[in-house]
Amino acid sequence: MPKAGARARSQGSHGAMQSGSVADDQQKDTSDMSFEELLELQSRGGPRACKQLAGRSTPKQSPRQPVCVADKHRPLEMSAKVRVPFLRQVVPISKKVARDPRFDDLSGEYNPEIFDKTYQFLNDIRAKEKVLVKKQLKKRRSGEEREKLQQLLRRMEQQEMAQQERKQQQEQRLALKQERRALAQQGHRPYFLKKSEQRQLALAEKFKELKRSKKLESFLSRKRRRNAGKDRKHLPLSN
């Protein structure tokens, strides 16, 4: 029995030495070993140790590739898990902002007197167009073209009347401004009219103009009919 135990211990120490030598040999790189050493290693540790040692060898470093910078104008990458909307912005587009010169400070302040003086030549063009429309209206006896010409002539006359009324209001405001300036030079305190007083003055001036042109009665009759129509709407319906 003592001989069998000593033999087992000697075999165990021999196996440990053999496994230690295999571990030491596995630490070597296969690139530094000759073909005979590889055969000897395969015969001692088997093909598995050789494969493990070959797998531990350092891989070859690939040449460094240049870094690609992403383009900001590239198409947007959408995830396949999220539903893509029907309308999406692929390329950013600068939004055009509409500019209205009537309400923009870049166009300056609106002065009706300067505007009328600057575009005074338009009145001559409108007068020539009005004469041309009247000539064409005389040639057309009936039909749709005659109705269109009548509507055009009526609109031109209304625009002309509105322009004359606006011009009269401007003259009236200018006269009031000159009167206030004269009172201020004399040492009096200036008085500014209210909007209601300005409307009354404009209405009185309009009545004077209608009376001078003998159109006051027709204007008053139209106004009476218009007011009667408005009052009729508020009356209860008769059965």
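Predicted model: local features only at pLDDT ≥ 70, side-chain atom pairs only at ≥ 80, totals over all residues.
Here is a short walk through the structure above, from its overall fold to its pockets and surface.

Residues are numbered from 1 along each chain as its sequence is written, and side-chain values use heavy atoms, with hydrogens and water left out.

Let's start with the fold. The chain has seven helices and zero strands, where helices (H or I, at least four residues) and strands (E, at least two) are DSSP runs numbered from the N terminus. Of its 239 residues, 8% count as buried; buried means under 20% relative accessible area, exposed over 50%, and partly exposed in between, with a 1.4 Å probe and protein chains only.

Now to the pockets. A pocket is an open set of points, on a 1 Å grid over the protein atoms alone, where a 1.4 Å probe fits, with protein on both sides within 12 Å along at least five of seven lines; lining residues have an atom within 4 Å of a point. Volume is the space filled by probe spheres set on the points, which are joined across faces, edges and corners. The largest pocket has a volume of about 930 Å³. It is lined by 27 residues, and D116, N123, R126, Q163 and R166 are the closest to its centre. Helices α3 (112-118), α4 and α5 (144-185) each supply at least two lining residues, with α5 giving the most, 11 residues. This lining divides into 10 nonpolar, six polar and 11 charged residues; here Ala, Val, Leu, Ile, Met, Phe, Trp, Tyr, Cys and Pro count as nonpolar, Asp, Glu, Lys and Arg as charged, and the others, Gly among them, as polar.

The second largest pocket has a volume of about 570 Å³. Of its 17 lining residues, M161, Q164, K206, E209 and L210 are the closest to the centre. Helix α5 contributes here too, and α5, α6 (195-212) and α7 (216-234) each supply at least two residues of the lining.

Between α6 and α7 runs a loop that holds K214. This residue has a positive phi of about 60° although it is not a glycine. Is K214 buried or exposed? With a relative accessible area of 79%, K214 is exposed.

Finally, return to helix α4 (residues 121-139), where I125 lies. At 40% relative accessibility, I125 counts as partly exposed.
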